[in-house]
Amino acid sequence: MKKFEFKLEPLLNYRKYLERIEQQKTAKAHMDVKNCERQISDLNRTKDKNAQNIEQVVNQGVSAAVFRQYYQYHESVESSIKEEKMRKVRLDSILKEKLLALKKKSIDKKAMELYREKLKDIYTQEIIKNEQKEMDEMSSLKTARAISNETI
């Protein structure tokens with residue numbers, strides 16, 4: 001029995017390769033989003049600590065120049081938080097694009113795999129049919145010999 005050969009196997013392998021590349025790109029985009037979220041939470045903690053420091057310094061009494069420094073630092077942290085939130089929105093949209101591209105590559109690969117399985121099933125059915133035909137012929141020949149031996 002001849003082994004099944006899928007003539008488009010190189011194309012299937014290439015589609016698998018493209019899917020792996022898209023998976024890597026999607027994972028990187030996902031990591032970028034997570035890192036940005038982590039950065040935002042770190043900045044929020046820094047802002048909260050600075051607010052506590054300002055409160056302590058004000059309670060102890062402080063000059064206007066020192067208060068201004070604390071306040072400017074607080075404003076710069078808030079500005080950084082806003083920038084990171086805008087960056088996160090951009091990264092989320094990039095992640096969505098990567099997920100769509102990955103889905104498309106996965107569908108392309110899956111379609112090729114289904115086509116291969118369909119051809120393999122057809123091949124298997126043909127092999128079974130041919131083997132059955134051979135078995136029937138052998139059975140017919142045996143029966144014919146048996147009949148011809150009885151008549152002699």
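I take helices (H or I, at least four residues) and strands (E, at least two) as DSSP runs, numbered from the N terminus. By that assignment I place E117 in helix α2.

**Basis.** I work from a predicted model, in which local features need pLDDT of at least 70 and side-chain atom pairs count only at pLDDT 80 or more, while totals for chains, interfaces and linings use all residues. I number residues from 1 along each chain as its sequence is written, and side-chain values use heavy atoms, with hydrogens and water left out.

**Entry 1: E117.** I looked up its exposure, with buried meaning under 20% relative accessible area, exposed over 50% and partly exposed in between (1.4 Å probe, protein chains only). E117 is partly exposed, because its relative accessible area is 37%. I also noted that 21 Å separates the C-alpha atoms of E117 and E131, which are 14 residues apart along the chain.

**Entry 2: helix α1.** I find that α1 covers residues 9-60, which is 52 residues. From first C-alpha to last it reaches 76 Å, close to the 76 Å expected at 1.5 Å a residue; the expected span is 1.5 Å times one less than the number of residues. After α1 comes G61, whose phi is positive, near 90°. The buried residues of α1 include L12, E19, T26, V33, I40 and L43. Further along, N50, I54 and V57 are also among those buried. As background, an α-helix has 3.6 residues a turn, so residues three or four places apart point the same way.

**Entry 3: H74.** I locate H74 in helix α2, residues 64-151. H74 is buried, as its relative accessible area is 12%. I list its contacts (heavy atoms within 4.5 Å): not counting residues up to four places away in sequence, H74 touches K47, N50, A51 and I54.

**Entry 4: salt bridges.** My criterion is a side-chain nitrogen of Lys or Arg within 4 Å of a carboxyl oxygen of Asp or Glu. Searching the whole structure, I find 12 salt bridges.

- R116 is bridged to E9, with the closest N and O atoms 3.4 Å apart. Since R116 lies in helix α2 and E9 in helix α1, the pair ties together parts that are 107 residues apart in sequence. R116 counts as buried because its relative accessibility is 19%, whereas E9, at 25% relative accessible area, is partly exposed.
- E19 and K109 meet through their side chains in a salt bridge (3.1 Å, N to O). This pair links distant parts of the chain, with E19 in helix α1 and K109 in helix α2, 90 residues apart. Both residues are buried. For E19 the relative accessible area is 10%. Its contacts, not counting residues up to four places away in sequence, are L102, K105, S106 and K109.
- K28 is bridged to D32, the closest N and O atoms being 3.1 Å apart. Because K28 and D32 are 4 residues apart in helix α1, about one helical turn separates them. K28 is exposed, with a relative accessible area of 51%, whereas D32 counts as partly exposed at 23% relative accessibility.
- I also record one network, in which salt bridges that share partners join K34, E37, K88 and D92.

**Entry 5: aromatic pairs.** I pair rings of Phe, Tyr and Trp (its six-membered ring) if their centres lie within 6.5 Å; planes under 30 degrees apart count as stacked, over 60 as edge-to-face and the rest as tilted. By this rule I count 4 aromatic pairs. The rings of F6 and Y115 have centres 6.1 Å apart and planes at 65°, so I class the pair as edge-to-face. This pair links distant parts of the chain: F6 is in the segment before α1 and Y115 is in helix α2, 109 residues apart. F6 is buried, with a relative accessible area of 7%, whereas Y115 counts as partly exposed at 39% relative accessibility.

**Entry 6: nonpolar patch.** Which residues form a nonpolar patch on the surface? I find L8, L11, Y14, Y17 and Y115, with about 470 Å² of accessible area together. Patches are made of residues with over 30% relative accessible area and no salt bridge, like charges being joined within 9 Å and nonpolar side chains (Val, Leu, Ile, Met, Phe, Trp, Tyr) within 5 Å. The areas come from the Shrake-Rupley method with a 1.4 Å probe, and for residues only the protein chains shown count as cover. The largest share of the patch, 3 residues, comes from α1. Y14 is found in that helix and counts as partly exposed at 47% relative accessibility.
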